[in-house]
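Work through the two exercises below with the sequence and the model at hand.

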Amino acid sequence: VAPETNIVMIDVDHPALDADAIVRRAREQGVLLTAFTPRRVRAITHLDIDDAGIARACDVLAAILASAD
């Protein structure tokens, strides 16, 4: 059984994106992420972030990834 956690690791395999680019573009939209490695982004939720905030962060990340196609 996997432990419960508030950490999400996102591996970036799209050749047009790297972790720093994703972090920079997300920050421009108010979503804070961390470049864990050049090809991995770390997202951590906070107890003050509600479901709507999580959904917004997912939408921002999805838009960033979709724009690379």
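**Exercise 1.** Is the crossing of H1 and H2 right-handed or left-handed?

Solution. The model is predicted, with local features needing pLDDT of at least 70 and side-chain atom pairs pLDDT 80 or more, while totals for chains, interfaces and linings use all residues. Residues are numbered from 1 along each chain as its sequence is written, and side-chain values use heavy atoms, without hydrogens and water.

Step 1. The axes of H1 (residues 19-28) and H2 come within 10 Å and cross at roughly 130°; axes are lines fitted to C-alpha atoms, for helices over the stretch in contact, and angles run from 0 to 180 degrees between N-to-C directions.

Step 2. The crossing of H1 and H2 is right-handed (the near helix is turned clockwise from the far one by less than a right angle).

Step 3. H1 contributes Ile22, Arg25 and Ala26 to the contact, and H2 contributes Val60, Leu61, Ile64, Leu65 and Ser67 (contact means heavy atoms within 4.5 Å).

**Exercise 2.** State the volume of the largest pocket and describe its lining.

Solution. Step 1. The volume is about 430 Å³, the space filled by probe spheres set on grid points joined across faces, edges and corners. A pocket is an open set of points on a 1 Å grid where a 1.4 Å probe fits, with protein on both sides within 12 Å along at least five of seven lines; lining residues have an atom within 4 Å of a point.

Step 1. Of the 18 lining residues, Val31, Leu33, Ile44, Ile54 and Ala57 are closest to the centre.

Step 2. H2 gives the most to this lining, seven residues (helices are DSSP runs of H or I, at least four residues, numbered from the N terminus).

Conventions:
Helices (H or I, at least four residues) and strands (E, at least two) are DSSP runs, numbered from the N terminus. Ala, Val, Leu, Ile, Met, Phe, Trp, Tyr, Cys and Pro count as nonpolar, Asp, Glu, Lys and Arg as charged, and the others, Gly among them, as polar.
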